[in-house]
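Subject: Structure handover

Hello,

Here is the structure I said I would pass on. My notes on what I found in it follow below.

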Amino acid sequence: MDIPYIVIDQLVPEQQRVWNTYFGDADRPRYIEEGIWRRTQEKDTAGQSGRATSDDARRRIIHYRYRYGLVPTTAAPAIGLTDLYLYHSTSAPADEIDAHRDALLDSLAAGGWREAPGGFLWTRRDLKCRITEHDVHPQDAAVGRTLPPGYQSLDVQIASVAYAPPPAVRQLPWNVLSTGIRRKDRPGTPTRIPDLSVLTDLRPFPVEIGCGTSVEAGIPPLHRLHEIYRVTDRQGNEPREHRFTLSPTADTLLHEVLTEPEEKAAEFVEMFRACFLAEPTPAMRALKELKDAGHLVGPVITNNFDVLAARAGLDECFMRRYDQAVPDVEWVDGAKALLVVGLHADRRKVQARARERGMQVVYLDPEGFWHDGEFMPYPLEGPQDGDLVCRATAAEALPALVNALKQQHG
């Protein structure tokens, strides 16, 4: 695999402007794509992790961090993946780790990797792979965390040859692990409403958006990342029932990367590419109209990394971070409601903080998605007693709200 790996070739002038304005010189490093998953066998995750006894303590940690940049070409610059970093750590009974190591060596041989002198390091063109085994993982030893007797760990680090991850990057997934698993909110009994006309009497209001607005722009839903990184074993279409990938022998991610890195890289950059190529939707333009009219206040509180709100002319308060459990929210005095659009999991408790301020929380979400021509229910996690839920898409409900407010105010 060659680095840079071209993601979008020969940008047209408008694409170069988008890059320079929203990615290259942005207020946060949007040219960095990063994700972390930690999956463990615990009492609270028994249903999805297959935990049967207290001796089941398998663990799988995935951390990826990619840097994108402009790459000169003969005609026009391209966007390329300039740094690749993928970290995979698994802990399991020793016999499973032994089988995992043997499978990795087979995959390295099949992929044409060359072992460097001294072992533990392999190279393939512009990629390097390092494998480290632990009887006791140093990260566990550092915090006094213990695994059952007979458990071992194996770490795999795949990176572009020129990239050396700094200590803070290497430490990040373990910091996230130490925060514990996210316990899902227990929904209350919200009131269903047919549309968002209730907001005409709850102005002004801020908005928090999730991946629902991104999906409407043609960006894959987040469960696509779960597929790419084999986070869950999808046996059905109900997201809440997907089982964690924890058995090393059933984990195909590293085999895919090591045997066909170019093909897997095309999947790795899929989300970034879709985000860059997406355009602001009618729902985003409706939010801009609400902002310009003074009905929507404050920055758009967003869990998305697609920059669509900013590209629609709105300020963003970005929430999806790993260094802060609850980032600051720029609340506006006098705001009466919080409109939550297309956000299923209340990971950062923004809605809880709005309720503490006495604001009405209003959700806009169809509570489901289409898959192979069939609508799959996907209930919201966050709504509590007293909240309002409108089961509609952003593309339908937000322009309708704009029109309702225009009619009310002439």
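Start with helix 14, residues 394-408, in this predicted model.

Which residues of helix 14 are buried? They are Ala394, Ala397, Leu398, Leu401, Val402 and Leu405. These residues cover an arc of only 140 degrees around the axis, so they sit on the same side of helix 14. The buried residues of helix 14 are covered by, among others, helix 6 (211-216), helix 11 (282-292), strand 15 (337-341) and strand 16 (360-364).

Helix 11 can be read in a similar way. Its buried residues are Ala283, Met284, Ala286, Leu287 and Leu290. They are on the same side of helix 11, because the arc they cover around the axis is only 155 degrees. Their cover includes strand 10 (207-209), helix 6, helix 12 (308-311) and helix 14. After helix 11 comes Gly294, which has a positive phi, near 90 degrees.

Next, the nonpolar cores. The largest one has 84 residues, and those with the most contacts inside it are Leu196, Tyr229, Leu339 and Leu364. Which helix gives the most to this core? Helix 14 does, with six residues. Apart from this core lies another, of 17 residues, including Val297, Trp331, Val361 and Val389. To see what surrounds Leu196, leave out residues up to four places away in sequence: Leu196 then touches Leu339, Val362, Leu364, Cys390, Ala397, Leu398 and Leu401. Of these contacts, Ala397, Leu398 and Leu401 are among the buried residues of helix 14.

Now the aromatic residues. The structure holds 12 aromatic pairs. One of them is formed by Trp19 and Phe276, with 6.5 Å from centre to centre and 55 degrees between the planes, which counts as tilted. Trp19 belongs to helix 1 (residues 13-24) and Phe276 to helix 10 (residues 270-277), so the pair ties together parts that are 257 residues apart in sequence. Are these two residues buried or exposed? Buried means under 20% relative accessible area. Trp19 has 5%, so it is buried, and Phe276 is buried because its value is 3%. Both residues belong to one aromatic cluster, together with Phe23, Tyr68 and Phe272.

A ring can also have a charged residue over it, as here: Arg39 lies over the face of Phe244, at 5.0 Å from the ring centre.

Last, a loop residue. Where is Asp44? It lies in the loop between strand 2 (32-40) and helix 2 (46-49). Its relative accessibility is 49%, so Asp44 counts as partly exposed. Asp44 and Arg183 are 139 residues apart along the chain, and their C-alpha atoms are separated by 8.0 Å. Not counting residues up to four places away in sequence, Asp44 touches Ile181 and Arg183.

Regards

Key:
Residues numbered from 1 in each chain as written. Predicted model: local features only at pLDDT ≥ 70, side-chain atom pairs only at ≥ 80, totals over all residues. Heavy atoms only, no water. Helix = DSSP H or I, 4+ residues; strand = E, 2+ residues; numbered from the N terminus. Expected span 1.5 Å × (residues − 1). Buried < 20%, exposed > 50% of the residue type's maximum accessible area, 1.4 Å probe, protein only. Arc of directions from axis to C-beta. Contact = heavy atoms within 4.5 Å. Phe/Tyr/Trp six-rings, centres within 6.5 Å; stacked < 30°, edge-to-face > 60°. Lys NZ or Arg CZ within 6 Å of the ring centre and 35° of its normal. Core = buried A, V, L, I, M, F, W, Y, C linked by side-chain atoms within 4.5 Å.
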